[in-house]
Amino acid sequence: MGIRTLLTACALLGVSVAQRVVTVQSGPLVRTEGSHVTIWCNVTGYKEGVEQDFEWSMYLTSVPDREIRIVSTAQSNYAYAVYAQRVNSKEIWVERLTRDSALLHITKVQARDQGLFECYTPNTDGQYLGSYSARTNLTVIPDSLAVTAPPQTLSQVEGDTLQLTCEVSRATEQHTHLSVGWYLRSSEDATMSPQEILTLSRDFVLRAGAPYKQRMTAGDLRLDKTSATSYRLTIHRLQPADQGLLYCQAAEWIQDPDRSWFTMTRKQADKTQLRIQPIDRDFSIQVSTERRSFTAGEPLELRCTIDAQSVPERFFSVSWVFSSSPVAVIGPSAVPVLGLDYVAREAAGHMTVRKESPTVHLLKLQHLRPEDAGKYICRVTEREKTPTGDFIDRSKRSRNVQITVQPIKSNVTVSLSSNSSEVQEGDVVQLTCSIHSTTGPLSVAWQWSEKQGSTPPQNLASVDRDGTVRPGPGYRERSSYGEIRVERVQEDIYTLSLYNALPGDEGLFRCTVTEWVEAGTESEQSWQKIGEKSATKAITVKTVESSFVVSASSRTPSVTFGDSFDLQCLVKPRHNPRVPASVTWRFMPASSGSSGEVGTAGEFRDLVTFTREGTLQWGEQLLGLGTRTTVDRSHSNTNFRLSVTRAGRKEAGTYQCSALLWRRNYDNTWSKVANRTSNLLGISVLQPVSKLRVQKTNQSLVYLEDSRVRVNCSVASQTSTDSQHAVLWYVRRATGAEADELLLRIERSGAFEYGAYADEERLRRRVQAERMSPQLYALTLNRAESSDSGTYYCLVEEWLTDPDGAWYRLARESSGFTQVLVRQPEVRLQVEESESNITVSQSSSIRLGCSIPSQSSRDSRFSVSWYVERSSMLSEEEEQGDVDEGNRACVFSIGHDAVFGNGNCSPIEEAGPNSRLQFERTTSDLYSLTIQRARPADAGRYYCHVEEWLLNPRNAWYRLATNNSDVTIVNVIQQVSTLQSVVCSNDSLFYFVFFYPFPIFGILIIAVLLVRYKSHRHSKSQESKNGAPLLWIKEPHLSYSPTCLDPPVLSLHPGSVD
């Protein structure tokens, strides 16, 4: 109540915050006892990115106010005892679908689970706004679905009909739907999924499985509802694939409030074992005829009988075959399809093909011909449809039936002769065909074929029975010009003449003679061929091409730039000299080849052609710009020469000579008689042998920094006086670089080109290249640096011009190596101290000297510093000679730039008008430091530290060396007012103290001795009187030194008691 009030207040205040909404599957949900129940729950309106938890509870209808906890996604021990065991055994569990959606699973719902289910989502937003739970009602009803079918084992024959009945009933008060289906499971492999045969869905729609759809469409499959609870499956035309375990399966459906259908329960009936015995699909064929020997003109009847089961219900096609050639095909529709050779015969009524009965097929040939003799075969093919809708063919053929047809006998004989078996091209071929023993009219056909017989024969010409001459299709034009002539010289002699024989006329010539006789009735009279004979003759035509030879040669296959070469083309025609020839020189540049080798594939271009009319025709390819090429030929037209002077790179390649032989035809046109190409001539135009030699002497040079380094490159010899050089200077760093660096390149024209290394090392201003002479080059490095150290060498390229005026690089050679070492000056710095031990009194001056007797360079500058090691700063090890730089103090410092305090340390005492330090440099190598008004604290071990500085070629100062002088020990005596100092400083006081007191002391001693003597006696007398001992004091001991350095010491020694 408080949460609702808070939410209402927030709404009134106008708080615009997303409200949490929990939704659950709408109820009431009706489920059967023992089924698997799922209830979904979703939550929205929460803070993004937080995963939501779900807690499920229920309220019994008998106790609606008492919450019974079931399961939670956040707490493992959330369930009450009544549900704890079922939750722990995973009979009840929650499946998380998404971050804000979950599904409650009850694997086997029980009757006591009926009630009101609540889904609660704990708050994750920090404030309460919206709804956090939702409820739905679950009703659990008894499972009343019953599916029964008698278990049985059936054996059927393929093609039979099968009927199975299934009883399906329910006693549910709610409105539910049923779906009933039949399934087939393999009896051999239990792991295979069952196949759906036919199903009546909950919407009363009949649906067949994929393998049975076509059979259902064909009417071989159906499902009938015979009564309120009975369903009957009918399968017509059983197939072997239907064998297995068949069972009925029913499901009870109910529609939830959200309009979705849910399967409350699903059950199967007992299975039926179905075995199918396949029918015999085999068949046999038999061909029958009355007799097998016939005479030409008689009819022939052949019958093909099919012996098989259920022939009318099967699909057979029959094919008649004669000597491997199709005669006719009769399909299941009984419509014949004739072969090409029998269409006209069937149209004339001389042939009949029909189906006399489902098992008998007839082939009838009227008026047998001699060519009808041979083997006849009947081939039968059965087409069978598989359960998947595909077709398979099975074929069988009968035995061969040999039919013999005796023709009307003819005794005709033929002989063929020629004027010559071998003729020259252009001559006449004369053939004579002689015929003997004829009885009827004749027809003669002339044919030509190749000797090998690889192509079909060609008809040259023919003569009909009435003497009409008809040229063949391929020889009509030639015959029209009189090249082919056919004549009947006599009644039994025929001739064929071929004028101007061609190479293509070589082959086999055949003369075929056919003898005819009239046949048939008066109303249908026709000519019948009773005999046919032929004779052949081989004719060889010797072509001019066989004697046509072309060859090319050269005496200089390899020349040098600027040399000349000649190419010879020899043409030797051994035929009529009136037949002209055209000769062409062809050329393929060397660059056109695949690898530069002679004979490689490329593109040849014509250079020059000697035409058949005797004129000269230049091609598109010109050698030497057309100015260095000459051609000529001999008077006999057998030698054609090509000459090239001053050969260059463009003339290198492959040359070939091509000759074409022409002949004038009968129609005044030219035809190519023969074409010959010569062998390939490879001409190599080589560069001259290089004579370039570069001096290869190795040397080592050592220079000081800021010096001038010079490296020479000398060309010892060159190929030609016209040679020009390009010089490349390389350097190899001493540090072991991976590759040599290009420093400078001097082109043959004299142009300079700096390498990338010169830019990187800033050498452009310091590097200088010179050409001292045509064969001497020098490289100069000004103001050398230590980084310039390395190995220097030159690479010389020799360039020449080819005959075409183009420059080419002939050779390149490197010089010897020059090892250049640029080092800093040798360290010769020495430092000395003027004094080694100084003792001064307080307030006096301390003078420290620093001398530099030796230096490394005259341009050196020095940084001088004085250090002191105090006696209080020294340890016992330091007193023995071990000096620790950490215990030293900087007294004074001056840098190499003459700036005080700019040395290598910072002085303890800063410079100023009251400074006690005084620095002097009397000479260039002598420095001194004076410490005025010495103090006791100034005592210590002093030494001078010197740094030697030089200016490098880049105008940067660098420290070359450092050195320390020997140690000077300085003692400072402090002025103290002691007895010794006071006495020794005053002469009167000195005599007063050391001389005048002695007489006085002597008198006093004597007086004391006297007094003591008297007192001693008096004491003895008193002792004798009193008996008490006396004390006595010994004389004092006085010692002094006669010098002022050791003051007198007065010491009293105690006496002893006797």
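Which residues does Asp113 touch, not counting residues up to four places away in sequence? Select Asp113 and you'll find Met58, Tyr83, Arg86, Ile106, Lys108, Leu138 and Val140 in contact, meaning heavy atoms within 4.5 Å.

Before moving on: this is a predicted model, where local features need pLDDT of at least 70, side-chain atom pairs count only at pLDDT 80 or more, and totals for chains, interfaces and linings use all residues. Residues are numbered from 1 along each chain as its sequence is written, and side-chain values use heavy atoms, with hydrogens and water left out.

Stay on Asp113, in the loop between strands S7 (101-106) and S8 (115-120); strands are DSSP runs of E, at least two residues, numbered from the N terminus. Asp113 is buried at 0% relative accessible area (buried is under 20%, with a 1.4 Å probe and protein chains only).

Next, pick Phe565. It's among the residues with the most contacts inside the largest nonpolar core, which has 35 residues; a core is a set of buried Ala, Val, Leu, Ile, Met, Phe, Trp, Tyr and Cys residues joined through side-chain atoms within 4.5 Å. Apart from that core lies another, of 30 residues, including Ile838 and Val970.

Terms used. Buried means under 20% relative accessible area, exposed over 50%, partly exposed in between (1.4 Å probe, protein chains only). Helices (H or I, at least four residues) and strands (E, at least two) are DSSP runs, numbered from the N terminus.
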